[in-house]
Amino acid sequence: MNYFFKNPAAQKVREETRVEERAEMILMILKSRGLQVSDSVRLRVGTCSDLNQLDVWLERAIHVTEATDLFDDDGV
């Protein structure tokens, strides 16, 4: 059974699940803090597939005063 967890397809599914969960957490934190989350913010967070970037945004979601501040200093 251990071979299943090392299978590239299984690893890809786990990574995709982590990405989806992280994006949901970011949006949930913003919402629970009472911040307005625009469709463009929701789209950008929801379509990001970079787990490291999502981690940065997750940390920022705790402190920002506006949802768009998540993206400050991202070089984009």
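The expected span of a helix is 1.5 Å times one less than its number of residues. Keep that in mind for the first stop. One more thing before you click: this is a predicted model.

**Colour by confidence.** The protein averages a pLDDT of 87, with 89% of the residues at 70 or better. Where pLDDT is low, the predicted coordinates should not be read in detail.

**Select residues 8-32.** That's helix H2. H2 has 25 residues, and from its first C-alpha to its last you'll get 36 Å, close to the 36 Å expected at 1.5 Å a residue.

Now show its buried residues: Ala10, Val19, Arg22, Ala23, Ile26, Leu27 and Leu30. In an α-helix, residues three or four places apart point the same way, because there are 3.6 residues a turn.

**Pick out Arg22.** An arginine on that buried list deserves a click. Its relative accessibility is 17%, and the cut-off for buried is under 20%, so Arg22 counts as buried. What does Arg22 touch, leaving aside residues up to four places away in sequence? The answer is Leu51, Leu54, Asp55 and Leu58.

**Move along to Met25.** This one is also in H2. With a relative accessible area of 34%, Met25 is partly exposed. Draw a C-alpha to C-alpha distance from Met25 to Leu58: they are 33 residues apart in sequence, yet 7.4 Å apart in space.

**Step off the end of H2.** Just after the helix, select Gly34 and check its backbone: phi is positive, at about 80 degrees.

**Finish at the rings.** The model has one aromatic pair. Select Trp57 and Phe71: the ring centres are 4.8 Å apart and the planes stand at 80 degrees, and over 60 counts as edge-to-face, so that is what this pair is. The pair links distant parts of the chain, with Trp57 in helix H4 (residues 51-61) and Phe71 in the segment after H4, 14 residues apart.

The charged end of Arg44 sits over the Phe71 ring, 4.0 Å from the ring's centre. So Phe71 has two partners to look at here: Trp57, paired edge-to-face, and Arg44, with its charge over the ring.

Technical notes: Residues are numbered from 1 along each chain as its sequence is written. This is a predicted model: local features need pLDDT of at least 70, side-chain atom pairs count only at pLDDT 80 or more; totals for chains, interfaces and linings use all residues. Side-chain values use heavy atoms; hydrogens and water are left out. Rings of Phe, Tyr and Trp (its six-membered ring) pair if their centres lie within 6.5 Å; planes under 30 degrees apart count as stacked, over 60 as edge-to-face and the rest as tilted. Helices (H or I, at least four residues) and strands (E, at least two) are DSSP runs, numbered from the N terminus. A charge sits over a ring if NZ of Lys or CZ of Arg is within 6 Å of the ring centre and within 35 degrees of the ring normal. Buried means under 20% relative accessible area, exposed over 50%, partly exposed in between (1.4 Å probe, protein chains only). Contact means heavy atoms within 4.5 Å. pLDDT is the predictor's confidence in each residue, from 0 to 100.
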